Amino acid sequence: MDLRDTPGEAKLREEIRGWLEANYEPGISQSDWYKVLAESGWAAPLWPEQYGGRGASASEAIIFNQERQKIGAEPPPTGIGVPMAGPTIIAHGTEEQKERFLGPMLRGEEVWCQLFSEPGAGSDLAAIQTRAELKGDTWHVSGQKVWTTHAQLARWGILMARHDPSLPKHAGITYFIMDMQAEGVEIVPLKEMTGEAVFNEVFMDDVEIPDDLRVGALGEGWKVSMTTLANERMALGLGGLGGSDEDAEIKLEEADAESSLETMGKFIRRGPRALIELAERAGAINDPLIRDELARVYTMYEVNRFTGYRITTALMKGRGPGVEASTGKLSYNLLVRAVADLMIRIAGVGALGAPDDDKLLKVAERLNLVVPATSIYGGTDQIQRNIISERVLGMPKEPRTDAEQPFSEIKKGG
Amino acid sequence: MDFAFNDEQREIQESAKRLIAETASLDQVVALSGSELGYDPEAYKHIAELGWTGMHVPEEFGGVGLTYVELIVVLEQMGGSLYPSPFFASVCLAANALIEGSKIAPLSDDNAALLAAIAAGEKTATLAYTEPGGKYIPPDVKLAARRDGDDYVLNGTKNYVIDGHTADAIVTVARFGEADGEIVLLNVPGDAPGLTRTEAHAVDPTRKLATLEFADVRVPASAAIGDPEFAWSTLNPTMQLGAVALAAESLGAAQHCFDTALTYTKDRVQFGRPIASFQAVKHICADLLMAVEGSRSAAYYAGWVAAEQRDELPAIGPLAKAQVCEAFWETAKANIQLHGGIGFTYEHEAHYYYRRATSSRVLLGDTSFNREMLLQGLGVAPVGAPN
Ligand SMILES: Cc1cc2nc3c(=O)[nH]c(=O)nc-3n(C[C@H](O)[C@H](O)[C@H](O)COP(=O)(O)OP(=O)(O)OC[C@H]3O[C@@H](n4cnc5c(N)ncnc54)[C@H](O)[C@@H]3O)c2cc1C
């Protein structure tokens, strides 16, 4: 047991530092930086070389990420594309699809969105009702999606649709790539509880999708979506594993009423010190109840960091992460919630209407409003517990009444 | 980065697991808990021969010279079976006090001999800190050490001393002056004239506690460990290392409770199906898994910090103790709950773990205390506080 670099890792780190020094200029535009990353394969180091990655080992990817953060360079394109759509296309897509989509995705030129949830299908994703009918070589898609983040910015969407309602619910689903600019696609912004509109309703009225944009075989949509969702859980869970990262250069000035969840995520990583600063400023640092909670939240951060080391070790040894990785998203959610609650407790009435020039209070106010989303998107906390207990602990599924008969005959929500 | 046990550590883990399974079934543990010693001296000799008692003690003091990581590997296994042994008090408290003291001032011959004897398993020892107040804070150290010529003369009471009624030596925290800082740590022989030791009633029968009355107990000045004017410099790291050890032990116990509970939920049928298929039961188990795995991360990291003597120890020791002992407590409670009525019987093992969890959670300071120590370890002292 030794958390320091092995000689091999130290050498890798030197090489990566050298590369970053030679290729990263502070102040470089985001699009130029994305290009540099994509051309070198560092936008998705774990992907095979022929698809724009480096076929890198986990150690390389992890060390690159650490060194990149140290110099304050932006991460490669995130969102739905590289973390979720990319791995799905690599695993299940055709060579033509890989050729067409992966490059622009890696360069951040094309934004992607996820067309999964519907009014009647959230946690129960297999209950989707959006129809896809094949006429000749072309699919005709009609239905409604909801909560679609960044649909208004997206060039492409990954779509789950039902090609045959007479089959049982999981068997009748097929997976597609949908052109968000196609005729018949209507995007209606939805106002979130924070007041902004990041997610949308997407209505599809006889939208045509050529059969060569189908991902995986007919009726394999459920299986293909599992790849997407596993990658989503991983991406969301890994967010918390950095633990408290005081190097993460998030300037409080970046935080304002419009701060994105990502900015908040960075803030959270820098969190314990900010919480302590807030408590000192608010004169709450001597309050034993606040001190107890500060230490408890600090412990949550640190435990996530240590668990991250266990996962990193497993990955670096070429083993898949074990049980410790499955709990990542849920433990991150619990941490974020605890941080938000504590900030409000410390700030008191100060967090009710923070003045614009008080960035710390502004963060408290803002975090409190965005945090309810984290325990819902990407599978609710309850669904995470179902997954952990059934897939990791091997506890039997609840008996269900909806899995065997034709989808058209079962009770549906929405 | 390699945050996993190496081959040697895994071997120690396997052999500890095997030995403990063979020699410490619950029946054996319960039987021993009824004796005055609370453990089997032959078994203690045996683990000493295996090198456990000297595991992390430097070779210059007669130890094996391995690290705290190897020590926590063994402790985790001991915790899993509530292994009855003077190991914790001797090796994880008293020996640490001597090792830490040796970093401040050279050990006297007697003290060096005690450390070597602990490492060899020839003597047992313990740490006597708490008094009737029960708190691990400076004002609660009242036992007086008066200087008389070349001797210290001790008068006062120590409570909740682990294995205090049987230990060969008692590392005693005593006050020699008026101010909080004026504390001395003394090696007192268990059979010293004037020392009365009684086994105390303890909620956890598998970890014996004693009350010690000191009436004019006389020890030479050379009994002092570390700085005789300011023993905190020895006592603080000793407590932090003790916290890491108790965390590792509690991790094993928590894992045992979790495994037992999970297995039972898969076997027990109600309403025509295993209770493990009920969501209310599943979600409890998912939360426990997170608590136990998080505890594993914390205990192992703390073990590494202790092994490397990193500056983080004052924060990470208490952090690990608070995290793991809380998780153990949650798991021990849930283990009873998920067993239903059978879990509340004396016959069933669950209450022994519940009792151990109760005791581990408060020994070496309760969770609030350790959280406060964590903040202070980070340098976040209350504003206006002394030192
Ligand atoms: C900010 C945000 C962004 C999102 N972005 C996207 C996106 O880009 N693309 C996309 O496709 N979706 C997106 N979603 C949708 C998200 O995935 C769903 O909201 C989520 O899966 C829950 O589904 P639901 O809203 O239908 O709630 P429901 O499934 O109706 O759940 C309601 C409540 O019931 C509980 N529940 C449901 N089933 C069970 C069960 N089996 N056991 C126990 N409890 C249960 C849930 O935990 C929840 O508390 C987003 C959501 C949010 C909040």
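Mentor: A salt bridge is a side-chain nitrogen of Lys or Arg within 4 Å of a carboxyl oxygen of Asp or Glu. This is a predicted model, where local features need pLDDT of at least 70, side-chain atom pairs count only at pLDDT 80 or more, and totals for chains, interfaces and linings use all residues. Residues are numbered from 1 along each chain as its sequence is written, chains are lettered from A and ligands numbered from 1 in the order in which they are written, and side-chain values use heavy atoms, with hydrogens and water left out.

Trainee: How many salt bridges does a search of the whole structure find over all chains?

Mentor: One example is A:Arg13 with A:Glu67, whose closest N and O atoms are 2.7 Å apart. A:Arg13 lies in helix α1 of chain A and A:Glu67 in helix α3 (residues 58-70), so the pair ties together parts 54 residues apart in sequence. Helices here are DSSP runs (H or I, at least four residues), numbered from the N terminus. Over all chains, the search finds 51 salt bridges.

Trainee: Which residues does A:Leu12 touch, not counting residues up to four places away in sequence?

Mentor: A:Leu12 is found in helix α1 (residues 7-23) of chain A. Contact means heavy atoms within 4.5 Å. With residues up to four places away in sequence left out, A:Leu12 touches A:Ser59, A:Glu60 and A:Ile63.

Trainee: How many salt bridges does the rule find across the interface of chain A and chain B?

Mentor: In this interface, 49 residues of chain A are in contact with 50 residues of chain B. The side chains of A:Arg4 and B:Glu308 meet in a salt bridge (2.9 Å, N to O). Across the interface of chain A and chain B, the rule finds 9 salt bridges.

Trainee: About how much area do chain A and chain B bury between them?

Mentor: Buried area is the accessible area (1.4 Å probe) that two parts lose on being put together, summed over both. Of the area buried here, 64% is on carbon and sulfur atoms. In chain A, A:Met1, A:Leu3 and A:Arg291 lose the most area to chain B, together 19% of what that side buries. Chain A and chain B bury about 4,500 Å² between them.

Trainee: Which residues lie nearest the centre of the largest cavity?

Mentor: A cavity is a set of points on a 1 Å grid over the protein atoms alone, where a 1.4 Å probe fits but cannot get out; lining residues have an atom within 4 Å of a point. A volume is the space filled by probe spheres set on the points, and the largest cavity has a volume of about 180 Å³. The structure holds 4 cavities of 30 Å³ or more. The largest is lined by 18 residues, and nearest its centre lie B:Tyr83, B:Pro84, B:Ser85, B:Thr206 and B:Arg356.

Key. On a 1 Å grid over the protein atoms alone, a cavity is a set of points where a 1.4 Å probe fits but cannot get out, and a pocket is an open set with protein on both sides within 12 Å along at least five of seven lines; lining residues have an atom within 4 Å of a point. Helices (H or I, at least four residues) and strands (E, at least two) are DSSP runs, numbered from the N terminus.
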